[in-house]
Amino acid sequence: VQVYEDVSQLPTLSYDFVVVGGRASHLCLGSALTLFTGGTAGGVVTNRLTENPSWSVLVLEAGPSNADVLEAIVPLLVFDISAEYSWNYSTTPQSGMNDAVLAYSRGHILGGSSSTNAMIYTRGSRDDFDRFANITGDSGWSWDNMLPYFFKNEKWTAPADGHSGAGEFDPAVHGHNGVNSVSLSGYPWPASDTRIIQTTKDLPNEWAFVLDMNAGVNLGVGWLQSTIGDGGRSSSATSYLGPQYISRPNLHILVNAQVSRVLQSTENSLHFNAVEFSQDQTTLYTVTASKEIVLSAGAIGTPHILLNSGIGNKTTLESIGISTVLDLPSVGQNFSDQPVTSNTWFASSNDTLESFTQNTTAFEEDLVQWNETRTGPLVDTVATHLVYIRLESNSTIFESFEDPSAGPQAPHIELSLNPGAGKLDVTPAGHFFSSTNAIVSPGGSITLNASDPNPFNAPLIDPALFTSEFDIFAMKIAILKSEEFLSASAWKDYIIGPVDVLAAALVSDAALEAYIRNTSIPASHCVGSAAMSAKSANWGVVDPDLRVKNATGLRIVDASVMPFGPSGHTQAPTYAVAERGSDLIKASWA
Ligand SMILES: Cc1cc2nc3c(=O)[nH]c(=O)nc-3n(C[C@H](O)[C@H](O)[C@H](O)COP(=O)(O)OP(=O)(O)OC[C@H]3O[C@@H](n4cnc5c(N)ncnc54)[C@H](O)[C@@H]3O)c2cc1C
């Protein structure tokens, strides 16, 4: 397995050239595509390009290997991911949230955020991808043309408890022979599962049941799907970089290697053929690629590297002493995420996550069960069902604010239903039910920190949460809808009432707004900071074929190229973008 921890271990004999000189060492890969990184999209591109045995590929990943990292394997340990596997970013003070500085999570490990995320599998809606196609002028990004890439990514897998899932999903809209496992939940929570479904039967007009939320129209209430197989997390690292692929002789992966810049082939050229990186933030190395450099560093890492390289807004770059190589003002702009508010109710049932999250002995027994049989409550992520809601078209907000959704069938709001507390720090001991609410939202930015421009330090991350009147309007509706759902008759003997902080929020519109601004967090569903646009557009960072505009040798394949956030969680769209991106690269070199 060719995962190297130290640059000195790279088996240079297998390369065409190795040049060491100047302040940097040079590793030259003959006939190579240099790729970084090994994140969600990076894993896909790596896998697909190394299918061609005559192409040598090097992956540079800032984080460590995912091998044997238990919390990145056992699904319900998702909330125990150690700090070393996260970038531990924080946001700039959020003016829409009383200037709070919020933790911002990104995976810092092989597999990137797919190794640390909550594994929820949602593709978004048909309208999301059709909007991508319209805005780029490339029908290849439309829902119909992207569906084969979703299928190529996906290996539909039986859930850990082996139940058939009949009536909980539509097999016809899934890929069964792809790479990354997707399944229904593998541990039932009958007390709440039955009430959720009963509510859709009792109130079908208000709460329609959707057989499969990944079929293109996701509005309604449906069963959760997640990137889990055989009771364990299926990440880009475990699937696309799984044993049969990572052992390909034309693939080398260097972990603990943080990239600072991409470099031009010669001064004044707009051809990029080299990458500068370091393993200790001091000694710099350069690796060159004879074909392409592919940036897959994610919606924060990718614009950060571009800006460090002098690719960005000329005026801003020069104000902090970085000479502009390529004036591309959109780099880092249009960075958008979804705000999330977690809402918790007291439940009368003992059949909740608290039966083991608040009981160490039970939790240890569950871990033993998981270890021995890959069954039990730890085989799933949080949430059992999702609800997608579209605001009424006559909502007052649309009198003053343009509808940010992708189209008439796309939702504005997500409720994620969970048999347990959404936010442990607001709850005492007991049993709970929670609804975690996310909304589609306009964006913020990634910029360099003028007071600390060291390329190895974090950029300024501003998701601009709740800075638009739409965000606050939609989140209020989301919380009120959650309360309405749990007030349906099916819940009468189950929901006792909201926990204190939520009860206080529900007394008035002003209290609800204050609660939202005080308790929300970013979803970590960031996109848009290296957006694709039409070839002729005077904005955007990449063309519809994901090449950096006005440059050669440099492509971006990750969540940052999506010009708008999809109406759902972002990993499935990122996987599909990466599958298509791989085909675009392959086609250029065919
Ligand atoms: C905590 C969390 C929970 C989430 N939950 C869900 C969920 O349940 N469902 C869902 O669909 N989505 C979820 N997401 C979002 C989803 O995981 C991401 O949208 C997706 O993984 C992004 O993929 P990417 O390839 O763009 O970036 P990433 O997967 O983040 O990959 C980027 C990679 O680049 C590396 N990197 C960055 N900068 C550098 C550099 N300078 N040099 C070298 N390497 C670098 C990183 O270490 C990382 O490995 C979640 C994300 C997080 C963080």
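These legends go with a set of close-up views of one predicted model.

Because the model is a prediction, local features are given for residues with pLDDT of at least 70 and side-chain atom pairs count only at pLDDT 80 or more, while totals for chains, interfaces and linings use all residues. Residue numbers start from 1 along each chain, following the sequence as written.

**View A. The shell around the ligand.** Here the ligand sits among 40 surrounding residues, with G39, G112, G298, G301 and H569 the closest. To be included, a residue needs its C-beta atom, placed from the backbone, within 6 Å of the molecule. Elements giving two or more residues to the shell are α1 (40–49), β15 (258–264), α6 (298–308) and α14 (571–588). Helices (H or I, at least four residues) and strands (E, at least two) are DSSP runs, numbered from the N terminus. With four residues, α6 provides the largest share. Sorted by class, the shell has 13 nonpolar, 24 polar and three charged residues. In this sorting, Ala, Val, Leu, Ile, Met, Phe, Trp, Tyr, Cys and Pro are nonpolar, Asp, Glu, Lys and Arg are charged, and the others, Gly among them, are polar.

**View B. The largest nonpolar core.** This core takes in 150 residues, and A474, I556 and V561 have the most contacts inside it. A nonpolar core means a set of buried Ala, Val, Leu, Ile, Met, Phe, Trp, Tyr and Cys residues joined through C-beta atoms within 7 Å. Buried means that 20 or more other C-beta atoms lie within 10 Å of a residue's own, exposed means 12 or fewer, and partly exposed is in between, with C-beta atoms placed from the backbone. Helix α11 (residues 469–486) is the top contributor to the core, giving ten residues. Zooming in on V561, its contacts are A530, A531, M532, V542, L546, I556 and V577, once neighbours within four places in sequence are left aside. Contact here means C-beta atoms, placed from the backbone, within 7 Å.

**View C. Helix α11 against helix α13.** Two packed helices are described by the angle between their axes and the distance between the axes. For α11 and α13 (residues 509–519), that comes to about 105°, with the axes 10 Å apart. Axes are lines fitted to C-alpha atoms, for helices over the stretch in contact, and angles run from 0 to 180 degrees between N-to-C directions. The pair therefore counts as roughly perpendicular; that label covers 65 to 115 degrees, with under 35 being roughly parallel, over 145 roughly antiparallel and the rest oblique. On the α11 side you'll find I472, M475, K476 and I479, meeting L512, E513 and I516 of α13. Five of the residues in this contact are nonpolar, none polar and two charged.

**View D. Helix α3 against helix α14.** Helix α3 (residues 143–153) packs on α14 at an angle of about 105°, with the axes 8 Å apart. These two helices are therefore roughly perpendicular as well. From α3 come M146, Y149, F150, K152 and N153, and they meet A572, Y575, A576, E579 and R580 of α14. The contact has six nonpolar residues, one polar and three charged.

View E. T122 belongs to the loop between β7 (103–104) and α2 (126–136), and it is buried, with 24 C-beta neighbours inside 10 Å. T570 is 448 residues away in sequence, yet the two C-alpha atoms are 7.4 Å apart. Not counting residues up to four places away, T122 touches M213, N214, L386, G568, H569 and A572. H569 also turns up among the residues closest to the ligand.

**View F. S239 in its loop.** Look for S239 between β13 (232–233) and α5 (243–246). It is buried, with 25 other C-beta atoms within 10 Å. Its C-alpha atom is 9.6 Å from that of G178, 61 residues apart along the chain. Contacts beyond four places in sequence are V179, N180, S181 and S234.

**View G. Two residues with positive phi.** N88 has a phi of about 50° without being a glycine. Its loop runs between β5 (56–60) and β6 (89–90), and its 13 C-beta neighbours inside 10 Å make it partly exposed. Q281, not a glycine either, has a positive phi of about 65°. Q281 lies in the loop between β16 (272–278) and β17 (284–289) and is exposed, with 12 other C-beta atoms within 10 Å.

Conventions:
Contact = placed C-beta atoms within 7 Å.
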